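Subject: Structure handover

Hello,

The structure I am handing over to you is below. My notes on what was found in it follow.

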Amino acid sequence: MLRRTTSSRKPILVVGGAAALLLFACGPYFMNGYNIFQLTMLMSYAIALLGIVVLTGYCGQFSLGQGAFFGFGAYVAAVLIGKASLHYLLVLPVAAAASFVVGALVSLPAIRLKGIYLALTTFGLAVAFPQLLKHPGLEAVTGGVLGLTVSLPQPPEFLGVTQDHWLFLVSLVTTVIAFAVTAGLLRGRVGRAFIAISDNPTASVAMGVSLQHYKMLAFAFSSMLTGVAGAISALAVRYVAPDSFSMFLSVTLLVGAVVGGVKSVWGVIFGALFMLYVPNIANQISEAAPWAVYGAALILVVTFIPDGIASLFDRFIGRRRNAAAEPTGVYAPSGVK
Amino acid sequence: MTDMLRLTGVSAGYGKTPVLHEVSLSVQRGGVTAVLGANGAGKTTTIRTICGLLPATGEIAIAGKNIVGQTSDRIARLGVAHVPDNRGTFIDLTVRENLLLGAHTRRDGEVEGDIERFLELFPRLKSRIHQQAGNLSGGEQQMLALSRALMLRPQILLLDEPSFGLAPKVVAEIFELLRKVKEEDGLSVLLVEQNARMALMLSDKAYVLESGKVVLSGDSRDLASDDAIRKSYLGY
Amino acid sequence: MGEFLNQVLAGVANGGIYASLALALVMIYQATQHINFAQGEMATLSTFGAWFLFDAGMPYWVVFALTVFGSFIMGALVERLVVKPVGTASPFAFIAVTVGLLMIANSASHWVGGGDIREFPSPFPGWLGSRYLSAHETGTILVTMIVLVALLTFLKRTPFGLAMRAAAQNPVSSGFVGIRVGLMLTIGWGISAAIGAIAGMMVAPIAFLEPNMMGSILLYAFAGALLGGINNPTGAVIGSFAVGIFENLLGVYVTGSELKLTSALCLIVILLILRPSGLFGKAAVSRV
């Protein structure tokens with residue numbers, strides 16, 4: 001949660017945060033192309049995870065379909081660049097807008113469903129998306145099973161940076177904007193409405209919070225973020241194909257959000273790191289069964305740090321947390337709304 | 001003869017916040033003890049601590065056996081029945097299923113007979129016997145909660161604010177049942193109440209809590225008849 | 001008309017398979033108020049276990065009994081060792097754990113089974129077969145019905161089943177009436193793993209035993225369970241048959257087989273919008 005930090009620690013955080021950002025921004029000067037690519041993917045994942053934090057962490061709407069929105073944004077980017085020859089700087093905003101609209105459309109049926117029914121529906125979306133992409137009827141646009149290649153944007157001459165580095169910078173700016181807008185949204189009236197809907201939908205309605213409108217906003221905003229993330233990934237990977245955006249991606253995104261802390265804006269950084277590096281590490285630990293290692297890592301993180309890695313840092317910097325809730329039995333059947 | 005329930009120097013709290021400080025009280029066998037006090041005085045915390053929901057220091061003895069550190073289901077199996085302040089109804093189960101659950105720990109054959117008895121006592125429950133318990137009104141849920149607790153055939157009944165939010169007529173029905181059960185079955189009762197007047201009428205002795213400490217205790221009749229105490233501590 | 005009936009019955013046959021796994025999902029939901037994403041993979045692992053027992057020469061029904069029992073133990077152990085430590089954290093944590101289990105179980109199946117596709121025996125005598133349904137398909141439907149009746153009886157008519165449902169819905173109040181909530185959860189996982197094993201042994205003769213056998217079946221079973229109402233075993237079975245029929249009819253007559261999953265899900269979503277708690281589910285009472 002965006003809790004207020006105790007005032008004594010705040011300056012340290014701000015300075016520390018700014019320093020980290022600066023360091024991060026300068027990173028590519030010292031790295032090769034592949035590593036820069038990884039950092040760009042890191043940012044892409046982080047933005048996608050922000051979408052989940054808004055939708056699921058704050059508004060309590062459980063979505064297993066974020067992979068579809070990610071893929072949608074990626075395909076929008078690929079199609080716009082490849083077929084429409086749109087200037088790449090415009091691709092991200094257009095992808096964002098398109099994803100926002102699609103998110104709003106998807107929310108129309110989604111807001112009537114709750115808990116696992118919503119989960120199933122969004123899961124269905126995640127499964128359906130690659131199938132739709134492969135459908136012969138849409139092949140002209142989507143490239144069918146083979147997908148589309150994406151040409152890498154060329155940096156402006158005067159900056160003197162490589163293509164990878166340029167994409168990194170564009171992504172960095174996007175990421176900063178995404179974080180700023182999200183944090184601003186969540187800190188304000190909208191964020192409070194989301195939390196109210198998540199905590200106590202009945203009371204929210206009684207207090208005049210229009211459930212439908214805010215839920216739609218949550219879906220639309222979160223799919224906008226996820227779509228932008230997908231667009232960045234398309235530019236970075238330079239290729240989109242239906243099977244890259246399978247249900248598996250949706251699951252990995254959710255997992256990343258949980259690891260970082262599903263209610264934490266800053267936690268997405270840890271979630272993105274997990275998503276990016278743990279599969280590789282798992283592969284190194286066991287070539288035969290990398291997914292078992294990934295699964296084990298996941299279980300371990302969730303067992304020992306159930307509120308996500310961000311909660312460790314919360315404690316470190318002394319954020320005020322909500323008082324311990326009522327003690328409950330073995331599993332609190334606190335369903336998702 | 002050992003007390004049915006005895007707390008000695010019990011301190012407890014939620015996380016790092018201590019709520020009860022060295023509370024000592026007792027309920028005699030077959031007796032009714034009232035625990036009074038304003039909101040936030042620690043009354044509900046006391047009951048929750050007895051039921052094992054909160055970690056505690058000190059000693060809590062049921063018929064002489066210390067139960068500090070035990071889980072709530074083990075405490076229930078010792079014959080301790082609890083009616084929480086939120087009724088604790090199994091809202092998605094039927095009225096009948098709620099009653100059956102009260103008898104979960106019993107192995108005798110008289111469960112059906114007991115269910116009949118409570119349905120006779122509370123006709124409103126009888127008319128809704130197969131409905132989802134969550135559909136019941138506050139008063140009906142309280143009757144159900146009380147019946148469910150008594151289905152345990154407990155040695156001691158812990159009641160957390162049974163009159164809260166209920167119409168006076170319903171409160172009267174409930175207290176009447178309590179009186180009957182106390183006289184006929186020799187049940188020991190710990191009664192936490194904000195309605196001090198009714199609690200003192202029903203109980204033998206009473207304790208008054210303030211900020212998690214016992215500030216006053218004594219025979220219920222004495223407390224009720226002492227004007228000064230009534231006005232300053234009991235609010236009437 | 002004959003062709004249409006064929007397709008409907010083919011859907012019913014598939015539905016029987018989905019229903020058997022759906023019952024496992026319903027069981028775990030009744031016991032814990034959560035969905036176990038690893039249900040399908042655990043069932044596959046159980047089925048591999050059964051295969052090895054067959055390979056060792058044991059008769060079918062002995063293997064069946066041992067597998068069901070062994071799976072019960074496996075489910076109970078998983079609950080004690082992996083799920084319980086996560087505790088009350090959050091429903092998201094629970095999902096993450098079951099996803100982790102899914103991956104581990106799938107890897108275990110790969111390790112145990114290699115990449116091979118294996119045949120799996122069917123116990124049903126030939127005379128069960130008819131023009132429309134094979135002996136095994138008929139047998140699967142029968143077994144699913146038996147499991148359904150057993151599950152219903154257990155949950156609705158035994159004190160133990162009642163205690164299990166109570167423990168899932170309201171652990172605090174359950175403690176107050178003396179229910180060992182932790183034990184209920186462990187047994188709940190055990191039972192649902194056992195049902196999953198039965199589902200696996202019904203699926204394998206048709207789908208052939210390989211590590212990804214249950215992948216899409218889990219989705220159909222999930223859809224069927226929700227369509228029927230996740231709290232309702234009978235509804236889950238009916239829902240699963242409905243899913244099987246829709247999927248087949250849509251695939252043959254409307255959209256072609258690539259999109260049949262998508263279209264089936266669309267249909268389900270529409271139905272859920274009209275009846276948000278499933279066709280036969282009880283709307284959760286929401287009194288404040």
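Predicted model: local features only at pLDDT ≥ 70, side-chain atom pairs only at ≥ 80, totals over all residues.

I start inside chain B, with a strand pairing: B:Ile156 has B:Ser188 as its bridge partner in S8(B).

Strand S3 (residues 32-36) of chain B runs parallel to S8(B), and 5 bridges join the two. Within that pairing, B:Thr33 has B:Leu190 of S8(B) as its bridge partner.

Is S8(B) buried or exposed? Strand S8 covers residues 188-193 of chain B, and 6 of its 6 residues are buried, so the strand is largely enclosed by the rest of the structure. The burial holds for both faces: B:Ser188, B:Leu190 and B:Val192 point one way, B:Val189, B:Leu191 and B:Glu193 point the other way, and all are buried. Note that B:Glu193 is among the buried residues.

Chain B also has an open sheet of 4 strands, paired antiparallel, in the order S2-S1-S4-S5. Strand S2 (17-27) and strand S5 (65-66) of chain B are the edge strands; each has a single partner strand, so one side of each is left without a neighbour in the sheet.

Taking the pairings of this sheet in order:

- Strand S1 (residues 5-14) of chain B pairs with S2(B) in the antiparallel sense, over 7 bridges. One of the bridges sets B:Leu5 against B:Val27 in S2(B).
- S1(B) and S4(B) run antiparallel and are joined by 6 bridges. Here B:Arg6 stands opposite B:Ala61 in S4(B).
- S4(B) and S5(B) pair in the antiparallel sense over 2 bridges. B:Ile62 has B:Lys65 in S5(B) as its bridge partner.

S4(B) and S5(B) form a hairpin, with 2 residues between the strands. In the turn, B:Ala63 has a positive phi of about 45°.

Helix H1 (residues 43-50) of chain B lies across S1, S2 and strand S4 (56-62) of chain B, and runs at about 75° to S2(B).

Strand S9 (residues 205-210) and strand S10 (residues 213-219) of chain B run antiparallel and are joined by 6 bridges. B:Lys205 stands opposite B:Asp219 in S10(B).

Now to chain A. Chain A has 14 helices and 2 strands. It has 337 residues, of which 50% count as buried. Among the contacts in chain A with a separation of 6 or more, 78% are between residues 24 or more positions apart.

One of the helices of chain A, H3(A), is mostly covered, with 16 of its 17 residues buried. Its length can be checked as well: at 1.5 Å a residue, the 17 residues of helix H3 (residues 66-82) of chain A should span 24 Å, and the end C-alpha atoms are 24 Å apart, which agrees.

Finally, the contact between chain A and chain C. How many residues does each chain give to the contact? Chain A gives 42 residues and chain C gives 50 residues. On the chain A side, helix H5 (115-134), helix H11 (247-260) and helix H13 (290-304) each supply at least two residues. H5(A) has the largest share of that side, with 10 residues. By class, the side of chain A that touches chain C consists of 28 nonpolar, 11 polar and 3 charged residues.

Part of this contact is a helix pair. The axes of H5(A) and helix H9 (residues 215-228) of chain C come within 11 Å and cross at roughly 145°, and the crossing is left-handed. A:Ile116, A:Tyr117, A:Leu120 and A:Val127 in H5(A) meet C:Leu219, C:Phe222, C:Ala223 and C:Leu226 in H9(C). By class, the contact of H5(A) with H9(C) has 8 nonpolar residues, no polar residues and no charged residues.

Regards

How values were computed:
Residues numbered from 1 in each chain as written. Chains lettered and ligands numbered in written order. Expected span 1.5 Å × (residues − 1). Buried ≥ 20, exposed ≤ 12 C-beta atoms within 10 Å, placed from the backbone. Contact = placed C-beta atoms within 7 Å. Nonpolar A, V, L, I, M, F, W, Y, C, P; charged D, E, K, R; others polar. Pairing = 2+ DSSP bridges. Axes fitted to C-alpha atoms, helices over the stretch in contact; angles between N-to-C directions. Left-handed = near helix turned anticlockwise from the far one by under 90°.
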